[in-house]
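Here's a quick briefing to read alongside the model. Have the sequence and the 3D view open as you go.

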Amino acid sequence: MRSEGSLNEIRLNASVSYRRDHGVSAKDVSDKLTQNRILTNNDIDALTVLEFAAQDILQKYHAAMRQMEARLETLDQDLKLRKSRNPIHHIESRMKSVPSIFEKLERYGKDTTLEAMEEYIMDIAGLRVIVSYVQDAYSILDHLEQQDDLEVVTVKDYIANPKPNGYRSLHFIVRIPVFFLDGKKSVPVEIQIRTIAMDFWASLEHDLKYKSVHEIEGVDVGAELKACSQIISGVEKRMQIMANALEGNGAPPQDLSMLIGRQRG
């Protein structure tokens, strides 16, 4: 009984500290949590069991992430053969840490258990797919929806409907079958597709929002970032028009200047 109570206390303290001290070094947070208490053997046993159990679960998400990445790479190569270009610029992968998973469960108002982790957290495994054009993002989603062993669970279109701060990306959750010794399991993976320009904006926005603790006199950083996002969106539309014309999917090249002029308006 003591080990369960101690584990819940450690988990709660870690979650609260994570929210309060986000950005502080892991060592500083660890020191805060342990400086006034000594971990008992029961604590250590409980933490060992939790880590082992969580890693056992996370392994299947990691396998699903690898399989989904391989599937996207295969799709990219197939599209290159058919259309003479790779729509995917590159792919990034990431796995949520156990503390961040439990912190998210708390924000959702759910029990911080391994069972709840599997039931409610759909973005434990994630892929970020960087493409050249906006049309590529929707095209990849369409192709994945046509694969009969994949299930597209949810779609959040932040390209058509940007977030208030200007963030743009196409987010969706897919379930992919993964085969293990004890059978097949359908495992969710979050996929974010954004253009090179969207990724450029998101990377700088993430960096700037942490640096803008003190507002620059006479400059509204949030408004500037949103304006930059809108400018980038306009540039992407013009680039898409040129790409469509050159690939023969849109207006003929002689009408390109007229279309770009109309896009400015």
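Which residue forms a salt bridge with Arg-85? The partner is Asp-136, with the closest N and O atoms 2.6 Å apart; a salt bridge here is a side-chain nitrogen of Lys or Arg within 4 Å of a carboxyl oxygen of Asp or Glu. Keep in mind that this is a predicted model, where local features need pLDDT of at least 70 and side-chain atom pairs count only at pLDDT 80 or more, while totals for chains, interfaces and linings use all residues. Residues are numbered from 1 along each chain as its sequence is written, and side-chain values use heavy atoms, with hydrogens and water left out.

**Salt bridges**
- Arg-85 sits in the loop between H3 and E1 and Asp-136 in helix H6, so their bridge ties together parts 51 residues apart in sequence. (Helices are DSSP runs of H or I with at least four residues, strands are runs of E with at least two, and both are numbered from the N terminus.)
- Asp-136 counts as buried at 7% relative accessibility, whereas Arg-85, at 23%, is partly exposed. (Buried is under 20% relative accessible area, exposed is over 50%, and partly exposed is in between, using a 1.4 Å probe and protein chains only.)
- Glu-92 pairs with Arg-128 at 3.6 Å between the closest N and O atoms. Glu-92 is in strand E1 and Arg-128 in strand E2, so this bridge links parts 36 residues apart in sequence.
- Asp-182 and Lys-185 also meet in a salt bridge, 3.6 Å from N to O.
- Over the whole structure, the search turns up 12 salt bridges.

**Nonpolar cores**
- The largest nonpolar core has 43 residues, and Met-68, Leu-72, Val-129, Ile-140, Leu-144 and Ile-193 have the most contacts inside it. (A core is a set of buried Ala, Val, Leu, Ile, Met, Phe, Trp, Tyr and Cys residues joined through side-chain atoms within 4.5 Å.)
- H3 gives the most to this core, with 11 residues.
- Another core, of seven residues, lies apart from it, with Tyr-167, Ala-202, Val-221 and Ile-232 among its members.

**Helix H4**
- H4 (residues 98–107) is mostly covered, with seven of its 10 residues buried. Lys-104 and Glu-103 are among those buried residues.
- Just after H4, Gly-109 adopts a positive phi of about 75°.
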